[in-house]
Amino acid sequence: MIDKMPITPKGYEKLENKLKELKYKERPAVIQAISEARALGDLSENAEYHSAKEKQSLIEGQISYLEGALSTAEIIDPLKMSGDTVKFGATVKFVDVETDEEKTYQIVGKEEADLEHGLISFESPIARALIGKTVGDEFSVASPKGTRDFELLSVEYK
(Lines give C-alpha, C1' and ligand atoms only; values in the text may rest on other atoms or scores of the structure.)
Protein backbone atom coordinates (compact mmCIF):
# COMPACT_ATOMS: atom_id res chain seq x y z
CA MET A 1 0.00 0.00 0.00
CA ILE A 2 1.47 3.32 -1.07
CA ASP A 3 0.84 6.17 1.34
CA LYS A 4 -0.70 9.27 -0.14
CA MET A 5 1.42 12.38 0.26
CA PRO A 6 -0.44 15.64 0.89
CA ILE A 7 0.32 18.53 -1.46
CA THR A 8 -1.31 21.87 -2.21
CA PRO A 9 -2.73 22.58 -5.68
CA LYS A 10 0.15 25.05 -6.32
CA GLY A 11 2.72 22.45 -5.33
CA TYR A 12 1.13 19.82 -7.57
CA GLU A 13 1.10 22.22 -10.52
CA LYS A 14 4.76 23.07 -9.92
CA LEU A 15 5.73 19.37 -9.96
CA GLU A 16 3.67 18.78 -13.12
CA ASN A 17 5.37 21.70 -14.87
CA LYS A 18 8.83 20.44 -13.89
CA LEU A 19 7.93 16.98 -15.22
CA LYS A 20 6.73 18.44 -18.54
CA GLU A 21 9.93 20.52 -18.80
CA LEU A 22 12.06 17.41 -18.28
CA LYS A 23 10.06 15.19 -20.64
CA TYR A 24 9.45 17.57 -23.51
CA LYS A 25 12.41 19.95 -23.39
CA GLU A 26 15.41 18.56 -21.51
CA ARG A 27 15.04 14.89 -22.52
CA PRO A 28 14.87 15.64 -26.30
CA ALA A 29 17.81 18.07 -25.96
CA VAL A 30 20.03 15.48 -24.29
CA ILE A 31 19.04 12.82 -26.84
CA GLN A 32 20.08 15.25 -29.56
CA ALA A 33 23.39 15.91 -27.77
CA ILE A 34 24.06 12.15 -27.53
CA SER A 35 23.32 11.75 -31.23
CA GLU A 36 25.69 14.60 -32.14
CA ALA A 37 28.43 13.22 -29.87
CA ARG A 38 28.06 9.75 -31.43
CA ALA A 39 28.65 11.30 -34.84
CA LEU A 40 32.09 12.48 -33.66
CA GLY A 41 33.39 8.91 -33.75
CA ASP A 42 35.24 6.86 -31.09
CA LEU A 43 32.96 6.79 -28.02
CA SER A 44 35.61 5.52 -25.58
CA GLU A 45 37.40 8.88 -25.51
CA ASN A 46 34.43 11.09 -26.33
CA ALA A 47 33.87 13.45 -23.36
CA GLU A 48 30.79 15.04 -24.93
CA TYR A 49 29.16 11.62 -25.32
CA HIS A 50 29.90 10.55 -21.74
CA SER A 51 28.73 13.90 -20.36
CA ALA A 52 25.48 13.72 -22.34
CA LYS A 53 24.87 10.11 -21.23
CA GLU A 54 25.41 11.13 -17.59
CA LYS A 55 22.99 14.03 -17.98
CA GLN A 56 20.46 11.69 -19.61
CA SER A 57 20.69 9.37 -16.61
CA LEU A 58 20.07 12.27 -14.21
CA ILE A 59 17.07 13.48 -16.24
CA GLU A 60 15.55 10.00 -16.38
CA GLY A 61 16.00 9.67 -12.61
CA GLN A 62 14.27 13.01 -12.02
CA ILE A 63 11.40 12.04 -14.35
CA SER A 64 10.93 8.75 -12.52
CA TYR A 65 11.03 10.49 -9.13
CA LEU A 66 8.49 13.16 -10.16
CA GLU A 67 6.15 10.59 -11.72
CA GLY A 68 6.24 8.66 -8.44
CA ALA A 69 5.63 11.79 -6.38
CA LEU A 70 2.68 12.84 -8.55
CA SER A 71 1.17 9.35 -8.49
CA THR A 72 1.07 9.34 -4.68
CA ALA A 73 0.01 12.98 -4.29
CA GLU A 74 -3.20 13.83 -2.49
CA ILE A 75 -4.19 17.39 -3.33
CA ILE A 76 -5.46 19.34 -0.32
CA ASP A 77 -6.73 22.83 -1.10
CA PRO A 78 -6.25 25.29 1.80
CA LEU A 79 -8.86 27.60 0.20
CA LYS A 80 -11.52 24.99 1.01
CA MET A 81 -10.48 24.78 4.64
CA SER A 82 -11.25 26.95 7.64
CA GLY A 83 -11.03 27.00 11.39
CA ASP A 84 -8.59 28.14 14.00
CA THR A 85 -6.77 24.83 14.47
CA VAL A 86 -3.50 24.27 12.60
CA LYS A 87 -3.74 21.60 9.89
CA PHE A 88 -1.95 20.87 6.63
CA GLY A 89 -2.20 23.90 4.35
CA ALA A 90 -2.52 26.45 7.16
CA THR A 91 -0.60 29.70 7.04
CA VAL A 92 0.58 30.32 10.58
CA LYS A 93 2.14 33.27 12.31
CA PHE A 94 3.97 32.74 15.58
CA VAL A 95 6.40 34.57 17.81
CA ASP A 96 9.56 33.43 19.57
CA VAL A 97 8.71 33.99 23.26
CA GLU A 98 12.32 34.86 24.12
CA THR A 99 13.31 37.14 21.20
CA ASP A 100 9.89 38.48 20.07
CA GLU A 101 10.88 37.51 16.50
CA GLU A 102 7.79 36.76 14.40
CA LYS A 103 7.66 34.14 11.64
CA THR A 104 4.98 33.31 9.09
CA TYR A 105 4.92 29.97 7.27
CA GLN A 106 2.51 27.86 5.27
CA ILE A 107 2.53 24.14 6.07
CA VAL A 108 2.86 22.24 2.79
CA GLY A 109 3.92 18.89 1.35
CA LYS A 110 7.57 17.88 1.49
CA GLU A 111 7.95 18.18 -2.30
CA GLU A 112 6.98 21.86 -2.25
CA ALA A 113 8.74 23.02 0.90
CA ASP A 114 10.82 26.16 0.31
CA LEU A 115 11.94 27.97 3.45
CA GLU A 116 12.98 31.11 1.52
CA HIS A 117 9.38 31.47 0.34
CA GLY A 118 7.81 30.69 3.73
CA LEU A 119 6.78 27.11 2.84
CA ILE A 120 7.63 24.42 5.41
CA SER A 121 7.08 20.68 5.13
CA PHE A 122 4.39 19.15 7.33
CA GLU A 123 7.16 16.75 8.39
CA SER A 124 9.42 19.51 9.76
CA PRO A 125 9.86 19.82 13.54
CA ILE A 126 8.12 23.23 13.60
CA ALA A 127 5.13 21.99 11.59
CA ARG A 128 4.81 18.86 13.73
CA ALA A 129 4.80 21.07 16.85
CA LEU A 130 2.16 23.36 15.31
CA ILE A 131 -0.34 20.75 14.05
CA GLY A 132 -3.42 20.74 16.29
CA LYS A 133 -2.60 24.02 18.02
CA THR A 134 -4.95 27.02 18.15
CA VAL A 135 -4.27 30.76 18.45
CA GLY A 136 -2.73 31.61 21.82
CA ASP A 137 -1.23 28.14 22.33
CA GLU A 138 2.43 27.91 23.20
CA PHE A 139 4.67 25.21 21.74
CA SER A 140 8.32 24.20 21.93
CA VAL A 141 10.69 23.07 19.21
CA ALA A 142 14.07 21.43 19.80
CA SER A 143 16.81 23.02 17.70
CA PRO A 144 20.59 22.67 17.55
CA LYS A 145 20.76 25.78 19.76
CA GLY A 146 18.45 24.22 22.35
CA THR A 147 14.69 24.16 22.87
CA ARG A 148 12.87 27.29 21.73
CA ASP A 149 9.42 28.37 22.89
CA PHE A 150 6.86 29.99 20.62
CA GLU A 151 3.32 31.36 20.81
CA LEU A 152 0.86 30.89 17.93
CA LEU A 153 -0.50 34.30 16.85
CA SER A 154 -2.74 33.44 13.87
CA VAL A 155 -4.00 30.63 11.64
CA GLU A 156 -5.30 31.29 8.12
CA TYR A 157 -6.30 29.13 5.21
CA LYS A 158 -5.56 30.97 1.98
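## A walk through the aromatic cluster

You're looking at a predicted model, where local features need pLDDT of at least 70, side-chain atom pairs count only at pLDDT 80 or more, and totals for chains, interfaces and linings use all residues. Residues are numbered from 1 along each chain as its sequence is written, and side-chain values use heavy atoms, leaving out hydrogens and water.

Next, click Phe139, buried as well at 4% relative accessibility.

Phe139 and Phe150 are a stacked aromatic pair, 5.4 Å centre to centre with 25 degrees between the planes; rings of Phe, Tyr and Trp (its six-membered ring) pair if their centres lie within 6.5 Å, with planes under 30 degrees apart counted as stacked, over 60 as edge-to-face and the rest as tilted. Phe139 sits in strand E6 and Phe150 in strand E7 (residues 146–156), so this pair ties together parts 11 residues apart in sequence. Strands here are DSSP runs of at least two residues, numbered from the N terminus.

Bring in Tyr105 too: Phe94, Tyr105, Phe139 and Phe150 form one aromatic cluster.

Last stop, Leu130. Which residues does Leu130 touch, not counting those up to four places away in sequence? Show Val86, Val92, Phe94, Ile107, Phe139 and Leu152; contact means heavy atoms within 4.5 Å.

Note on methods:
Buried < 20%, exposed > 50% of the residue type's maximum accessible area, 1.4 Å probe, protein only. Helix = DSSP H or I, 4+ residues; strand = E, 2+ residues; numbered from the N terminus.
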